[in-house]
Amino acid sequence: MKLESLDFLYMPSSDPAAELEYFERVLGAQVAFAIEAFGTRVAMVRPADGPPALLLAGHLEGERPVLVYRVASLAGAVAELEQAGGEAGPEFGIPHGPVREVELPGGHRLAIYELRRPGAAEHLEGRRDF
């Protein structure tokens, strides 16, 4: 299996609005969007040029971030990981396409997704609910 790129760091956040403000004001991060929906808040910031973007997520459980990598084929990558003893969770969606979280040794959190909607980022860009 080949991981194409680390596109997102999906980070648990107890207060996405406060953390967003800090990343923007202190670190000079570009805010891609800040969305409030379904009882939670999620903000995407770009602290540097190029990937990965950071997703500050109010609904994400745990202490560790989820490393979100793009793959050419989600089904193929999941099959390879499962043959190697990995345990993939159920498929769910992000604006860019289908994704599966994979349990790794040592408690590391990894997700893989297949880019099926390349225009999704432009659809959300600039939205600021908070």
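Me: What volume does the largest cavity have?
Reply: In this predicted model, the largest cavity has a volume of about 40 Å³.

Me: And how many cavities of 30 Å³ or more are there?
Reply: The structure holds one cavity of that size.

Me: Which residues line the largest cavity?
Reply: The lining is made up of Ala32, Phe33, Met44, Arg46, His96, Ala121, Leu124 and Glu125. Five of these residues are nonpolar, one is polar and two are charged.

Me: Which elements supply at least two residues of that lining?
Reply: Strands β2 (30–37) and β3 (40–46) each do, as does helix α3 (120–124).

Me: Now the confidence. Which elements have the lowest and the highest mean pLDDT?
Reply: The lowest mean pLDDT among the elements belongs to α3, at 83, and the highest to helix α1 (residues 16–25), at 97. For the chain, the mean is 93, with 100% of residues at 70 or more.

Me: On to the core. How many residues has the largest nonpolar core, and which have the most contacts inside it?
Reply: The largest nonpolar core has 17 residues. Those with the most contacts inside it are Phe8, Tyr10, Phe33, Met44, Leu55, Val66 and Val68. Two or more residues come from each of β1 (5–12), β2, β3, β4 (53–57), β5 (66–71) and β9 (109–114).

Me: Is there another core, or what else lies apart from it?
Reply: Another core, of eleven residues, lies apart from the largest one; Leu20, Ala29, Ala43 and Leu56 are among its members.

Me: Back to Val66: what does Val66 touch?
Reply: Leaving aside residues up to four places away in sequence, Val66 touches Phe8, Leu9, Tyr10, Leu60, Glu101, Arg109, Leu110 and Ala111.

Conventions. Residues numbered from 1 in each chain as written. Predicted model: local features only at pLDDT ≥ 70, side-chain atom pairs only at ≥ 80, totals over all residues. Heavy atoms only, no water. 1 Å grid on protein atoms, 1.4 Å probe; cavity = no way out; pocket = protein on both sides within 12 Å on 5 of 7 lines; lining within 4 Å. Points joined across faces, edges and corners; volume = space filled by probe spheres on them. Helix = DSSP H or I, 4+ residues; strand = E, 2+ residues; numbered from the N terminus. Nonpolar A, V, L, I, M, F, W, Y, C, P; charged D, E, K, R; others polar. pLDDT = per-residue confidence, 0-100. Core = buried A, V, L, I, M, F, W, Y, C linked by side-chain atoms within 4.5 Å. Buried < 20%, exposed > 50% of the residue type's maximum accessible area, 1.4 Å probe, protein only. Contact = heavy atoms within 4.5 Å.
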